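Me: I would like to learn how to read a few features from a set of coordinates. Please take them one at a time.

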Amino acid sequence: MGPAASTPAAGVRTGPALVALAGAAWLAVLDGTVVAVALGPLADAFGTPLTTVVWVTIAYLLAAATALPLLGWASARFGGRAVFLTGLGLFLLGSALCALARSPGMLIGLRVVQGFGGGLLEPSAMTLTAALATRESMGRMLGVMSTVVNVAPAGGPILGGLLLQTGHWQWLFVVNIPLGLLVGAAALAYVPAGRPDPAARRPGADLRGLALLTAGYLGVLFAVTRAGEQGGGWPALAAAAAGIVLLAAYVRHAFTTTVTPALDLRLLRRPGFAASVAVMGLVGLIMYGQINALPVVGLEQHGLHGLDQGLLVCALGLGLLVSMTTGGRISDRLGARALVRAGAATTATLLATFAATGEHLPLAAAAALFVAVGLSFGLTAAPTVASLYRTLPPAEQPQGTTSVFMTLQLAASLGVALLSLLHSRAGTDWVALLFALLAVAAAGIGLLATRLPGRPA
């Protein structure tokens, strides 16, 4: 995550390079929405409950979060393009192996490989794009990247539904391989190889902290999902206790270590940064709670299968495509505070409406409601990220970005775990309870928005 160059290297064809980088980031984001549509079919294919299958998504998100703290160090030591290609290679290897999985446990384990690669892929693509841009074209190039990435929540459910209609869930992962090989070939041809920083060859990655944080959070998530299973009481309590102890050890480590912590809690002392982190955590929880719940809602409440099952997620994605693409640009004039507050209030109202009436809403009305949710919810994320760069000094921005997006991924995995818990424990009321909880989280974003920066000077 080094600083962006003011001018691209001589002879670099920025157009084809941008296509390759945007394609890779799109592929990593697309995978999440494609697999979200398949939780039900995967449970049927393996004859296993949803409480187990959700770990196909949770494992990916945790692995991606684990990769993020290593990105800056690895980019400085080996070069940005090398890290990007490594991430792409791991993502494709994981995709191929996932298609060969013969049990839920094997699939979950192989998703870790795929997720670690995906965790390196999207942020390194963003960093390389910034390095290719001139100061005059920075906004345009990053805008193109954001637009392409934001197509994934709308297109993923359609692609996932089409692939599931083949009757073979393996196509959900096989499809990544030809697309990824095309992206890799284009990156080798058009993305320049960066020069590693010799000063970064000294050990600098916080591996101890990363192990404490990941293991502790894994224990908490296991406790949440295990609590939804019959007879899961004592194992859930033991996992929760171990997870809390490990997380407490990480907090102590983060404030005493001599290297940059994996998740830098010291930045919370910066005015406005704690609010930004908390907002993005709630954004991740709400986003992935919805993306993974809506296909199940379509199946159970509207009898949708295959391509149709992704309809509600597609509706949400269409709204997000508009609002996330424009939200950051509008915040340059209005600031994050007012925009995030308005988006959060509208999102909370809409989600509460669905919690109260979703069981009785016709499908067309539910789809229209989630287009509106996407339009309002997208106004919370992009302005918050933009405000990060007005909150931190330039030297702390890379670590701050890592901390924010790591928090988002960790909270996203919690959103999926809550879906599993409520689906197994709340019976037919799980939809109302989950979306009421998401509405409360959105209201929390509105309260936190008062701590975000106001109108830019």
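Predicted model: local features only at pLDDT ≥ 70, side-chain atom pairs only at ≥ 80, totals over all residues.

Me: How many residues does helix H4 have, and what span should they cover?

Reply: Helices are DSSP runs (H or I, at least four residues), numbered from the N terminus. The expected span is 1.5 Å times one less than the number of residues. H4 (residues 55-78) has 24 residues and should span 34 Å; its end C-alpha atoms lie 32 Å apart, which agrees. Helix H8 (residues 152-164) has 13 residues and reaches 17 Å from first C-alpha to last, close to the 18 Å expected.

Me: Where does H4 bend?

Reply: The bend at a residue is the angle between axes fitted to the seven residues ending there and the seven starting there. In H4 that angle is about 45° at Leu-70. Just after H4, Gly-79 takes a positive phi of about 100°.

Me: Is H4 largely enclosed or open?

Reply: A residue is buried under 20% relative accessible area, exposed over 50%, and partly exposed in between (1.4 Å probe, protein chains only). In H4, 19 of the 24 residues are buried, so the helix is largely enclosed by the rest of the structure. In H8, the buried residues include Pro-153, Gly-156, Pro-157, Gly-160 and Leu-164.

Me: Which residues are separated in sequence, and what is their distance in space?

Reply: For such pairs, the separation along the chain is set beside the C-alpha to C-alpha distance. Gly-374, in helix H16 (residues 363-391), is buried at a relative accessible area of 0%. Gly-374 and Met-287 are 87 residues apart in sequence and 9.5 Å apart in space. Leu-452 lies in the segment after helix H18 (430-448) and counts as buried at 1%. Tyr-217, in helix H11 (residues 207-226), is buried at 14%; Tyr-217 and Leu-246 are 29 residues apart in sequence and 8.2 Å apart in space.

Me: How many cavities of 30 Å³ or more are there?

Reply: Rolling a probe the size of a water molecule over the atoms shows where empty space is left. On a 1 Å grid over the protein atoms alone, a cavity is a set of points where a 1.4 Å probe fits but cannot get out, and lining residues have an atom within 4 Å of a point. Grid points are joined across faces, edges and corners, and a volume is the space filled by probe spheres set on the points. The count here is one cavity of 30 Å³ or more, and the largest cavity has a volume of about 40 Å³.

Me: Which residues line the largest cavity?

Reply: The lining consists of Leu-27, Leu-30, Asp-31, Val-34, Leu-159, Leu-172, Val-175 and Asn-176. Helix H1 (residues 14-36) gives the most, with four residues. For the class of each residue, Ala, Val, Leu, Ile, Met, Phe, Trp, Tyr, Cys and Pro count as nonpolar, Asp, Glu, Lys and Arg as charged, and the others, Gly among them, as polar. The lining divides into six nonpolar, one polar and one charged.

Me: How many disulfides does the structure hold?

Reply: A disulfide is a pair of cysteine sulfur atoms within 2.5 Å. The structure holds zero disulfides. Cys-98 is buried at a relative accessible area of 0%, and Cys-314 is buried at 13%.

Note on methods:
Residues numbered from 1 in each chain as written. Heavy atoms only, no water. Helix = DSSP H or I, 4+ residues; strand = E, 2+ residues; numbered from the N terminus. 1 Å grid on protein atoms, 1.4 Å probe; cavity = no way out; pocket = protein on both sides within 12 Å on 5 of 7 lines; lining within 4 Å.
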